[in-house]
Amino acid sequence: LRARGGSFHEITPLVHPETRELCERVAEAVNDPLIGIDIILSDATKSWKEQPCGIIELNSTPFINIHIDPLYGEPVMVADDIWKMIFPELNVAKNNKTA
């Protein structure tokens, strides 16, 4: 947590596709489309198959703010994806154009 001296590096866009697929399979296995997966690996740009790694915990209420307002890296607006998941009939891009 930032309040305790921690920092967040947004690397989601850099995650290797096979590692992303692993995380998606974990979410499917626990039947939870919105889950935080804490995975440890040396290089996020390499596949989890190419290096020692481990999933250390699953968070049922992940901190989406660390992606929206990271200390380092480009923000990822995960809240948009969550809204689209909950309300698929809403088109955020369409609504933004009319504003």
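On a 1 Å grid over the protein atoms alone, a pocket is an open set of points where a 1.4 Å probe fits, with protein on both sides within 12 Å along at least five of seven lines, and its lining residues are those that have an atom within 4 Å of a point. The structure described here is a predicted model, in which local features need pLDDT of at least 70 and side-chain atom pairs count only at pLDDT 80 or more, while totals for chains, interfaces and linings use all residues. Residues are numbered from 1 along each chain as its sequence is written, and side-chain values use heavy atoms, with hydrogens and water left out.

The secondary structure of the protein chain consists of four helices and two strands, where helices (H or I, at least four residues) and strands (E, at least two) are DSSP runs numbered from the N terminus. Along the sequence, these elements follow the pattern α-β-β-α-α-α. Of the 99 residues in the protein chain, 17% are buried; here buried stands for under 20% relative accessible area, exposed for over 50%, and partly exposed for values in between (1.4 Å probe, protein chains only). Among contacts (heavy atoms within 4.5 Å) that link residues at least 6 apart in sequence, 51% join residues at least 24 apart.

The largest pocket holds about 1,400 Å³ of space, its volume being the space filled by probe spheres set on grid points that are joined across faces, edges and corners. Its lining comprises 35 residues, of which Thr12, Ile35, Gly36, Ile37 and His67 lie nearest the centre of the pocket. The elements that give two or more residues to this lining are H1, strand E1 (36–41), strand E2 (53–59), helix H2 (65–68) and helix H3 (78–86). By class, the lining is made up of 21 nonpolar, eight polar and six charged residues, with Ala, Val, Leu, Ile, Met, Phe, Trp, Tyr, Cys and Pro counted as nonpolar, Asp, Glu, Lys and Arg as charged, and the others, Gly among them, as polar.

In soluble globular proteins, nonpolar side chains tend to be buried together.

A disulfide is a covalent bond between the sulfur atoms of two cysteines. With a disulfide taken as a pair of cysteine sulfur atoms within 2.5 Å, a search of the whole structure finds zero disulfides. The cysteine sulfur nearest to that of Cys23 belongs to Cys53 and is 8.9 Å away, which is too far for a bond. Cys23 counts as buried because its relative accessibility is 18%, whereas Cys53, at 34%, counts as partly exposed.

Ile39 is placed in strand E1 and, at 24% relative accessibility, counts as partly exposed. Leaving aside its neighbours within four places in sequence, Ile39 is in contact with Thr19, Leu22, Gly54 and Ile55, while the C-alpha atoms of Ile39 and Leu58, which are 19 residues apart in sequence, are 9.0 Å apart in space. Lys46 lies in the loop between E1 and E2 and is partly exposed, with a relative accessible area of 41%. Under the same exclusion of sequence neighbours within four places, Lys46 is in contact with His16, Thr19 and Gln51; the C-alpha atoms of Lys46 and Thr19 are separated by 8.0 Å, although these residues are 27 apart along the chain.

Asn31, in the loop between H1 and E1, has a phi near 55 degrees, a positive value in a residue other than glycine, and at 69% relative accessibility Asn31 counts as exposed. Gly6, found in the segment before H1, is partly exposed, with a relative accessible area of 30%. Gly6 and Leu71 are 65 residues apart in sequence, and their C-alpha atoms are 9.6 Å apart in space.
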